Amino acid sequence: MEKIVATAEKPWLVSTSQLKEWDKCKKQFHYKSVLKTQWLTTQKNFELGKAVHKLMDYQARNLPLEPILTEVRQDIQETYLALEANSLAQAKVVANEWSFNIPFSIEVKSEPQPVIWLTGRVDRLVETVVNTPVKQPFYWVVDWKTGTAVPADFKQAWQTRLYLYAIWEARHQLGMPATMSFDQLGFVYVEVKPKRKQAVRLYEVIYSEAQHRQTKADLANVLTAMLAEQRFDLPATCPDSYCPFGTICGIAPAETEQLNLLALPEKPVRKRKKAKKEANQPEVAITLPPQEAVADAGVGTSPFDWF
Ligand code: SF4
């Protein structure tokens, strides 16, 4: 069975998605992150998130947004405007849509040693000011949550931990003060639902040296286990009713169906209602600024992996 490759010629790029897959189902991890199986997904589910992230990217670059906002779907416009009104969207931008590649070392018994990079993309890093105990800068790693849910245990979620770890390791490269302490850094999920009374909710984590050490140790343990894994066994029951590999992974169909019925009785109904509602909405695609303006502003045109 194929294993993870982590050589100098082909380094292993470790992402939050891989860590989540590993925790959830080893078989899914094997399909997605070892075999790199591409599976068709419904892009419609991601339209709102992609459009709003793009608008927030332009806002950080001070591009004129009024002509675009008049053209986009109403839900996109409302979501963007709710986010834009939040103080984090107005704070000083240190980095925007920042992709990171941070080297990470683990020791294995056999030679050569694995070559590993931690990878990801930070929506935005902003600088604010705190006044206690003295006036000093505070940095927030911001993640806009426009569609997908904030992880239930967001303080322990791999995205929170990996991104804080990466930003701390790259703080000098990002121009943050050489003397800054761990508690001057935090991660915040900015969840936006414009129809809700409180349109924007913040889920904050303040960093610490103990957390940094723990993340480093946990990453070393889990990456060592991933590298050594050869079986990629199925779990006792399927933990992901939306996983696309249900027809090929070998999980007993009855178990998947039973799980769906027991754990998610409302979802099929809700999905059908949503699909009907979306079908009634006018199809207005987001209009992007002229490519020359985009190029001049240095805006990337490659698809973003926000989810
Ligand atoms: S369908 Fe379920 S058991 Fe099979 S690979 Fe996906 S998550 Fe794992």
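Two residues are in contact if their C-beta atoms, placed from the backbone, lie within 7 Å. In this predicted model, residues 24 or more positions apart account for 69% of the contacts in the protein with a separation of 6 or more. The protein has 307 residues, and 25% of them count as buried. Its secondary structure comes to 11 helices and 6 strands.

| Helix | Residues | Note |
|---|---|---|
| α1 | 16-24 | among the cover of the buried residues of α2 |
| α2 | 26-34 | Lys-27, Gln-28, Phe-29, His-30 and Ser-33 buried |

Helix α2 has five named buried residues, Lys-27, Gln-28, Phe-29, His-30 and Ser-33, and the elements covering them include α1. After α2 comes Lys-36, which has a positive phi, near 55°.

Is Leu-65 buried, exposed or partly exposed? A residue counts as buried with 20 or more other C-beta atoms within 10 Å and as exposed with 12 or fewer. Leu-65 has 17, so it is partly exposed. Leaving aside residues up to four places away in sequence, Leu-65 touches Leu-55, Tyr-58 and Gln-59. Leu-55 lies 10 residues from Leu-65 along the chain, and their C-alpha atoms are separated by 7.6 Å.

Definitions and conventions:
Residues are numbered from 1 along each chain as its sequence is written. This is a predicted model: local features need pLDDT of at least 70, side-chain atom pairs count only at pLDDT 80 or more; totals for chains, interfaces and linings use all residues. Helices (H or I, at least four residues) and strands (E, at least two) are DSSP runs, numbered from the N terminus.
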